[in-house]
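Have a look at it first, then read on.

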Amino acid sequence: SSGLYAVCFRVLYEVSRCIAEGYVAHLTQAMLKEHSNIILNTAGTLSHAQELLKNLEKPLPRVTLDQAIHIMPSSDCLELVQEGQPQFGRKLTRKGEKVLIEKYGGAVWLTEMDHLGVPFYQAYTEGSGRSKAKAADLLLGLGETIGLGERHSTPEMVREALQHHAVSEDSYKWYINMRQVIPLLTSGWGMGTERYLCWLLQHKDVRDMQIIPRMKAKKFMP
C-alpha cells in the first residue's frame, strides 16, 4: 500500500502542474483573443504571449533548486532564506530567477526547494530526508508567478513538519484536526494575477498593476 500511496503522490503533483499550465495557456489565449489591441499598444508586441503558447504545447522545462544553483553565473543570484543562518536553506534572488527564465526561453518551473525555506505545510520530496519540498514555482516575467505544491496528508506528518520548522502547534490545531478527521492527499496552486498581467503587458513594476487599489488606512470598499 505504501508503494501505491507514493505513486498517487507523484501523480497528483504532476496533475496539478498540468492543470496550472493548462490554465495559463487558456488565459493567455483568451487575452490574445479579447484584448490583443491593448496588449500590443502597451507591450509593443504580442510575440512573448505567442511564444509562451507555443512552448505550452508540451510540458514546460523543470529545474530543481540544486540544479539551478550550478547554473548561476554569480553569487548574487543566490541568497540564504534567513541571513546568516544557512540551516534555513537557500533561495534564488530575482536576478537568479531571471537567469533561469532567459535560459529556458521565457518560462520554467523551479522545483524541490529547500524545505526550511518554504511553509511547513508543503510535503517532503520522497527520499530527500526532509530536506526538499514537493513544491514548484513557475518563473515567468518578473519571476515567481505561480506557486504550487502538495500538502502533508496526515496529522502525524503535519506535527513532524511543525516541529521541523520550529512552529508552535497552538495556532494550527484546526489544521491538525482537519487532517485527523479526513486524512486526505491534496495538492494545489495559486497564481499572482498582478504578476501575470505584468508579464502580459511587459511591465516591470508590479506595484503599478493593482487590480484593487492599495490604500493603507483608508476604507475604499463598503
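Let's start with the cysteines: C18 is exposed, at 55% relative accessible area. C198, by contrast, is buried, because its relative accessible area of 1% falls under the 20% cut-off. Keep in mind that this is a predicted model, and that a search through the whole structure turns up zero disulfides. For background, a disulfide is a covalent bond joining the sulfur atoms of two cysteines.

**Overall build**

- The protein has seven helices and seven strands.
- Reading from the N terminus, those elements come in the order α-α-β-α-β-β-α-β-β-β-α-α-β-α.
- Along the principal axes, the C-alpha atoms fill a box of roughly 55 × 50 × 40 Å.
- Of the 222 residues in the protein, 39% are buried.
- If you take the contacts with a separation of 6 or more, 65% of them are between residues 24 or more positions apart.

**What the record says**

- UniProt, in an unreviewed entry, lists residues 21-215 as "domain: Aminoacyl-tRNA synthetase class II (D/K/N)".
- Over that stretch, residues 21-215, the chain is 39% helix and 17% strand.
- The end C-alpha atoms of residues 21-215 sit 33 Å apart.

**The largest pocket**

- This pocket has a volume of about 430 Å³.
- It is lined by 27 residues, and the closest to its centre are K91, E97, G117, D137 and E144.
- Which elements supply at least two residues each to this lining? They are strand 3 (90-92), helix 4 (94-103), strand 5 (135-140) and strand 6 (143-150).
- Strand 6 gives the largest share of the lining, with four residues.
- Sorted by class, the lining of the largest pocket holds eleven nonpolar, six polar and ten charged residues.

**The second largest pocket**

- Here the space comes to about 250 Å³.
- The lining has 16 residues, and I101, G106, G141, W199 and Q202 are the closest to the centre of this second largest pocket.
- Helix 2 (47-55), helix 4 and helix 7 (193-201) are the elements that give two or more residues to the lining.
- By class, the lining of the second largest pocket splits into six nonpolar, six polar and four charged residues.

- L100 lies in helix 4, and it counts as buried because its relative accessibility is 0%.
- Beyond its neighbours within four places in sequence, L100 is in contact with A68, I71, M72, L92, V108, L110 and L139.
- S16 belongs to helix 1 (residues 2-43).
- Is S16 buried or exposed? S16 counts as buried, since its relative accessibility is 5%.
- Leaving out neighbours within four places in sequence, the contacts of S16 are L148, S187, G188 and W189.

**Helix 5 and what follows it**

- The buried residues in helix 5 (residues 155-164) are P155, V158, A161, L162 and H164.
- Those buried residues pack against helix 6 (173-181).
- For background, an α-helix has 3.6 residues a turn, so residues three or four places apart point the same way.
- Just after helix 5 comes A166, with a positive phi of about 55 degrees.

**Positive phi without glycine**

- As a rule, most residues other than glycine have a negative phi.
- A166 has a positive phi although it is not a glycine.
- A166 sits in the loop between helix 5 and helix 6, and it is exposed, with a relative accessible area of 70%.
- R130 is not a glycine either, and its phi is positive at about 65 degrees.
- You'll find R130 in the loop between strand 4 (107-111) and strand 5.
- At 35% relative accessibility, R130 counts as partly exposed.

Notes: Residues are numbered from 1 along each chain as its sequence is written. This is a predicted model: local features need pLDDT of at least 70, side-chain atom pairs count only at pLDDT 80 or more; totals for chains, interfaces and linings use all residues. Side-chain values use heavy atoms; hydrogens and water are left out. On a 1 Å grid over the protein atoms alone, a cavity is a set of points where a 1.4 Å probe fits but cannot get out, and a pocket is an open set with protein on both sides within 12 Å along at least five of seven lines; lining residues have an atom within 4 Å of a point. Grid points are joined across faces, edges and corners, and a volume is the space filled by probe spheres set on the points. Ala, Val, Leu, Ile, Met, Phe, Trp, Tyr, Cys and Pro count as nonpolar, Asp, Glu, Lys and Arg as charged, and the others, Gly among them, as polar. Buried means under 20% relative accessible area, exposed over 50%, partly exposed in between (1.4 Å probe, protein chains only). Contact means heavy atoms within 4.5 Å. UniProt positions are given in the numbering used here, feature names are shortened, and annotations may be inferred rather than shown by experiment. A disulfide is a pair of cysteine sulfur atoms within 2.5 Å.
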